[in-house]
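The following exercises concern the structure shown below.

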Amino acid sequence: MTTSARYTFTAIRLHWLIAFLIFAAFPLGLYMSDLELSPLKLQLISYHKWLGVTIFLLAVARLAWRAKHTPPPLPEAMLAWQRTATHAVHHLLYLLIIAIPLSGWLMSSAKGFQTVYFGVLPLPDLIGKDKALGDILKEVHELLNYGMLGLVIAHVGAALKHHFIDRDGILARMLPFLDKENRP
Amino acid sequence: MIRLLAILSLLSSSFAYGAELSAVQLDKSTIAFVSRQMNVPVEGIFQQFSAQISIDPARPEAGRARIEIDLASIDAGSTDANDEVKGKSWFNTREFPKAVFVSSTVKSLGSGRFEALGKMTIKGKTQEARAPFTLKQEKGVLILDGTFPLKRLAYDIGSGVWSDTSVVADEVLIKFHFVLK
């Protein structure tokens, strides 16, 4: 049983672009926060923040797409709990691609470092400088990221399981070239 | 006649000096700065400084000032930054604990604006500095407010790897606010 219905190209492009940027921003964030203060650290923090703003903008576009489209159906063979788990993971990922950049933005403001997108466009500080709040938001930002790491592992693991074990063609929803019978 | 003029001028000058204000209210005064890191404006302050300022609002041109900043009292925005900027490549506060500004002249720029010219000494280097300011009188106090750019590299502040101005801009904005009684 295969499903030929795939996501639209807009959704596919947004998905992979966001995924690619997260794969850059996540390790960059881990690496830079352990560095001692240096010009390199200041540069990396800025790059990380620019990546985050970009992810946020793409995530808003992705959610706008999602609000107007129903995702392609899941294979009929999937059990009820698998469907529930799938929807839960997808919704949590949608939530996190918004919440993580947002927590980083707020954390920067609370720590007294404004976000200036590409060094050109200053983003407003939604909250004022507050060291204690900044420390809390840093914890929140980290926790949300580890939460996302877990979800991404589940997400990728499930996609691979469906592709290689169930062979139900579900991965072709996001990677149309895998769909040998119904090439777009 | 000449004697009368001399007495009058003496009187007027002593009168002018009588209106001079020189008691700086340190708890109400601030010295802050804004640096640009990756083009992000970051505010900081110096928590301790001394200021000897004498200025007559009727004759600001005769004003004088000597400001000494305790550089180790810096709050550069984060704990990391505070530790870093006291170090050798920045202020080297162990060897050079103070920044000193001594005015030489004050000139009027018109419409209530003035400019103090003088010498700034930081980290053993002395440079000409000009600090424009405004004067405002309210409720028995005189308020001096001014902002001027300082080129950090002219004083060797942030040398070595930190001299890369694409990361930390050369120009640092100094903002001062003095309340005199």
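**Exercise 1: Two loop residues in chain B**

B:S111 is found in the loop between strand 6 (98-110) and strand 7 (113-122) of chain B; strands (E, at least two residues) and helices (H or I, at least four) are DSSP runs, numbered from the N terminus. The model is predicted: local features need pLDDT of at least 70, side-chain atom pairs count only at pLDDT 80 or more, and totals for chains, interfaces and linings use all residues. Residues are numbered from 1 along each chain as its sequence is written, while chains are lettered from A and ligands numbered from 1 in the order in which they are written.

Task. Is B:S111 buried or exposed? Is B:M38 buried or exposed?

Solution. Begin with the criterion: a residue is buried if 20 or more other C-beta atoms, placed from the backbone, lie within 10 Å of its own, exposed if 12 or fewer, and partly exposed in between. B:S111 has 6 C-beta neighbours inside 10 Å and therefore counts as exposed. B:M38 lies in the loop between strand 1 (30-37) and strand 2 (40-46) of chain B. Because 22 other C-beta atoms are within 10 Å, B:M38 is buried. As to the backbone, B:S111 is not a glycine, yet has a positive phi of about 45 degrees. B:M38, also not a glycine, has a positive phi of about 55 degrees.

**Exercise 2: The layout of chain A**

Task. How many helices and strands does chain A have, and in what order do the elements run?

Solution. First, the count: chain A has four helices and two strands. Next, the order from the N terminus on is α-α-α-β-β-α. The C-alpha trace of chain A spans about 55 × 30 × 30 Å along its principal axes. Of the 184 residues in chain A, 23% are buried.

**Exercise 3: Helix packing in chain A**

Task. At what angle does helix 3 of chain A pack against helix 4 of chain A, and how is the pair oriented?

Solution. Two packed helices are described by the angle between their axes and the distance between the axes. Axes are lines fitted to C-alpha atoms, for helices over the stretch in contact, and angles run from 0 to 180 degrees between N-to-C directions. Helix 3 and helix 4 (residues 131-166) of chain A pack at about 155 degrees, with axes 9 Å apart. Helix 3 of chain A is therefore roughly antiparallel to helix 4 of chain A (angles under 35 degrees count as roughly parallel, over 145 as roughly antiparallel, 65 to 115 as roughly perpendicular and the rest as oblique). The residues of this contact divide into 16 nonpolar, seven polar and one charged. Here Ala, Val, Leu, Ile, Met, Phe, Trp, Tyr, Cys and Pro count as nonpolar, Asp, Glu, Lys and Arg as charged, and the others, Gly among them, as polar.

**Exercise 4: A residue of helix 3**

Task. Which residues are in contact with A:I100, leaving aside its neighbours within four places in sequence?

Solution. Start with the position: A:I100 is in helix 3 (residues 80-110) of chain A. A:I100 counts as buried because 25 C-beta neighbours lie inside 10 Å. Beyond the excluded neighbours, A:I100 is in contact with A:H141, A:L144, A:N145 and A:M148, contact requiring C-beta atoms, placed from the backbone, within 7 Å.

**Exercise 5: Chain A against chain B**

Task. How many residues does each chain give to the contact?

Solution. Chain A gives twelve residues and chain B gives 16 residues. On the side of chain A, helix 2 (residues 39-68) supplies the largest share, four residues. By class, the side of chain A has five nonpolar, six polar and one charged.

Note on methods. Two residues are in contact if their C-beta atoms, placed from the backbone, lie within 7 Å.
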